[in-house]
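Here is a short briefing to read alongside the sequence and the structure. Take the points in any order, and keep the viewer open as you go.

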Amino acid sequence: MNVLLAILGKDLLIEWRRRDRLVAMSVFAVLVVLILYFAAPPNRAEGGHAHVPGLLWVAYVFATVLGLGRSFALELENEAMSGLALAPADRGWIFLGKALANVLIVMVVQLLTAFAFALAFDLDLWPIAPALAGVSVLGAIGLCSLGTLFSAMAVRTTNREVMLPLLMLPLMIPVLLGAVRATQGLFEDGAVPASALQLLLVTDGVFLIVSFLGFEYVLDD
Amino acid sequence: MSYVIAAYGLTVGLLLLYAVSLRRERARLREQLSRGGESNPG
Amino acid sequence: MTDHTSSPWHRATAGLLFVLAALWIYLVWNAPIDRVQGVVQKILYVHPPTAFAMYLGFVLTGVGGALYLWRGDARYDRFAASSAEVGVLFAVLMLLSGPIWAKGTWGKWWSWDLRLTLTLVQFMVYVAYLLLRSFTEGSERAARFAAVYGIIGVVLIPLNYFAIDLAAGRSIHPENLGDGSLGEGMRAPFWAGVVTSLTAFAYLLVRRLEVGGLRAEAAHREAHDALGAEG
């Protein structure tokens with residue numbers, strides 16, 4: 001538990017001092033929103049924003065992949081990878097510390113992206129803000145759990161920038177389907193469908209357990 | 001009928017292609033290993 | 001590591017495959033022609049059988065990976081890698097013959113139904129698995145990463161199924177895989193196809209394992225020679 005807090009504190013402190021990841025992710029997310037707006041402008045004639053929840057999650061996912069790529073690159077550059085592996089603690093806690101730091105950073109980016117989105121697509125998100133925040137956090141947990149695990153692997157490959165999305169995206173289908181359907185429900189009726197919420201919760205649980213156990217094997221001895 | 005021929009042809013053809021490529025790779029490796037010094041009969 | 005002495009396995013699977021393939025061709029040739037779909041329906045004797053082999057390959061990849069993490073023996077890793085490669089081959093076959101059948105029956109190449117989507121996703125997962133293997137530096141590390149990824153890929157199959165089921169709605173695929181929906185005289189060629197496909201899988205897996213063993217031996221010897229040359 002102390003390990004978790006130590007890692008979390010260290011990552012957040014580094015992020016606070018350098019802010020490079022946060023800035024890069026946010027700028028990138030806003031650019032994605034910009035491109036999505038011109039690629040698929042909201043169709044006012046049909047009065048619908050039917051595809052908007054999907055676009056919002058596309059922006060979230062791209063920004064998250066970009067940010068996760070740096071999560072372990074930092075440790076590698078500082079030659080801290082072996083230090084993590086040698087730490088006399090259960091590696092699962094190291095994983096949880098890293099993953100939690102990533103979730104918090106992604107949440108900040110999600111907040112900024114949602115603002116940009118609301119402005120670009122002229123959406124009134126205030127009434128559904130708390131529920132949307134909840135869905136976003138559940139989605140962030142799903143993305144960052146397996147994402148953190150794969151980030152630790154990808155950083156050891158020869159072309160890590162390509163490897164991380166290739167590893168991550170096919171397995172993110174359950175999170176994305178759940179999150180997009182939940183967001184769609186929020187936009188349309190102001191309520192999250194139970195089935196989507198259930199899917200998100202189950203997926204988060206499974207992903208967390210699997211990555212917690214798998215992390216044991218991704219650090220070098 | 002052409003759909004059926006295409007489906008069966010592709011399936012069987014690709015399987016054969018893969019089998020042949022494995023056989024070639026095996027022959028190449030065996031030759032490489034036997035050239036490398038110690039006797040290594042198949 | 002002399003596991004390239006697999007010629008009895010090799011010969012057994014090759015002989016069995018030959019006999020089964022002959023039987024399968026005979027049965028498919030003589031199978032009755034479907035009244036609704038016509039002759040296109042005969043693709044069902046080749047398409048679902050490759051699906052069985054594909055999922056077998058992916059499950060064996062996960063099993064091999066788990067055994068590797070447990071025991072640390074490189075042979076389990078080669079088994080997992082070989083299963084994944086042959087499994088991906090069968091996935092490609094399935095993704096080729098499926099749309100051909102769909103075009104002949106439904107009139108369109110692709111539909112986002114549950115099983116198609118799930119198969120496509122699993123295919124992507126195992127392509128990523130093979131890429132991860134080839135891009136990771138160091139064979140021991142590659143084996144470890146691949147094992148973790150392969151196990152996760154198998155464990156998440158039910159979750160993906162559940163998720164896509166929720167999103168895709170009703171499936172156009174026959175509800176129970178083949179058997180119940182098959183008419184008179186169609187079961188024998190279907191199951192002959194399944195057995196033949198699984199035997200073809202076993203045969204190719206044995207051959208691929210041989211190659212894997214030889215590759216490891218060659219790499220081992222190369223490393224050995226390099227050490228000898230240095231000093």
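Within chain C of this predicted model, confidence is lowest in H6(C), with a mean pLDDT of 81, and highest in H2(C), where it reaches 94. For chain C as a whole the mean pLDDT is 85, and 90% of the residues reach 70 or more. The complex as a whole carries an ipTM of 0.89 and a pTM of 0.88 from the predictor.

**Where to read with care**

- Residues 1–5 of chain C stay under 50 in pLDDT, and the model has eight contacts for them beyond four places in sequence.
- Chain A averages a pLDDT of 88, and 96% of its residues score at least 70.
- In chain A the lowest confidence falls in helix H4 (residues 81–86), at a mean of 78, while the highest is in helix H6 (residues 129–154), at 94.

**Chain C at a glance**

- Chain C has seven helices and zero strands, which reads along the sequence as α-α-α-α-α-α-α.
- The C-alpha trace of chain C spans about 75 × 45 × 25 Å along its principal axes.
- Of the 231 residues of chain C, 47% count as buried.
- Among contacts in chain C with a separation of 6 or more, 80% are between residues 24 or more positions apart.

**How chain C meets its neighbours**

- On the chain A side, 24 residues of chain C are in contact with 24 residues of chain A.
- Helix H4 (114–135), helix H5 (139–155) and helix H6 (157–168) of chain C each supply at least two residues to the side that touches chain A.
- That side of chain C, facing chain A, is made up of 19 nonpolar, two polar and three charged residues.
- On the chain B side, 27 residues of chain C are in contact with 20 residues of chain B.
- Helix H2 (47–71), helix H3 (74–105) and helix H7 (187–230) of chain C are the elements that give two or more residues to the side touching chain B.
- H7(C) makes the largest contribution to the side that touches chain B, with 11 residues.
- By class, the side of chain C that touches chain B has 15 nonpolar, four polar and eight charged residues.

**Chain A at a glance**

- Chain A has nine helices and zero strands, giving the pattern α-α-α-α-α-α-α-α-α along the sequence.
- The radius of gyration of chain A is 18 Å, close to the 17 Å that the globule rule gives for 221 residues, so chain A is as compact as a globular protein of that length.
- Taken along the principal axes, the C-alpha atoms of chain A fill a box of roughly 60 × 35 × 30 Å.
- Of the 221 residues in chain A, 49% count as buried.
- For chain A contacts between residues at least 6 apart in sequence, 81% join residues at least 24 apart.

**A helix pair in chain A**

- Helix H8 (residues 173–189) and helix H9 (residues 194–214) of chain A have axes that come within 8 Å and cross at roughly 150°.
- The crossing of H8(A) and H9(A) is left-handed.
- On H8(A), the residues making the contact include Pro174(A), Val175(A), Leu177(A) and Gly178(A), and on H9(A) they include Ala196(A), Leu197(A) and Thr203(A).
- The contact of H8(A) with H9(A) involves nine nonpolar residues, three polar and one charged.

**A residue to look up: Phe72(A)**

- Where does Phe72(A) lie? You will find Phe72(A) in helix H3 (residues 52–77) of chain A.
- Is Phe72(A) buried or exposed? Phe72(A) is buried, because 25 other C-beta atoms lie within 10 Å and the cut-off for buried is 20 or more.
- Leaving aside residues up to four places away in sequence, Phe72(A) touches Ser151(A), Ala152(A) and Val155(A).
- Phe72(A) and Asp204(A) are 132 residues apart along the chain, and their C-alpha atoms are separated by 22 Å.

Key
Residues numbered from 1 in each chain as written. Chains lettered and ligands numbered in written order. Predicted model: local features only at pLDDT ≥ 70, side-chain atom pairs only at ≥ 80, totals over all residues. Contact = placed C-beta atoms within 7 Å. Helix = DSSP H or I, 4+ residues; strand = E, 2+ residues; numbered from the N terminus. Nonpolar A, V, L, I, M, F, W, Y, C, P; charged D, E, K, R; others polar. Rg over C-alpha atoms; globule rule 2.2 N^0.38 Å. Buried ≥ 20, exposed ≤ 12 C-beta atoms within 10 Å, placed from the backbone. pLDDT = per-residue confidence, 0-100. Axes fitted to C-alpha atoms, helices over the stretch in contact; angles between N-to-C directions. Left-handed = near helix turned anticlockwise from the far one by under 90°.
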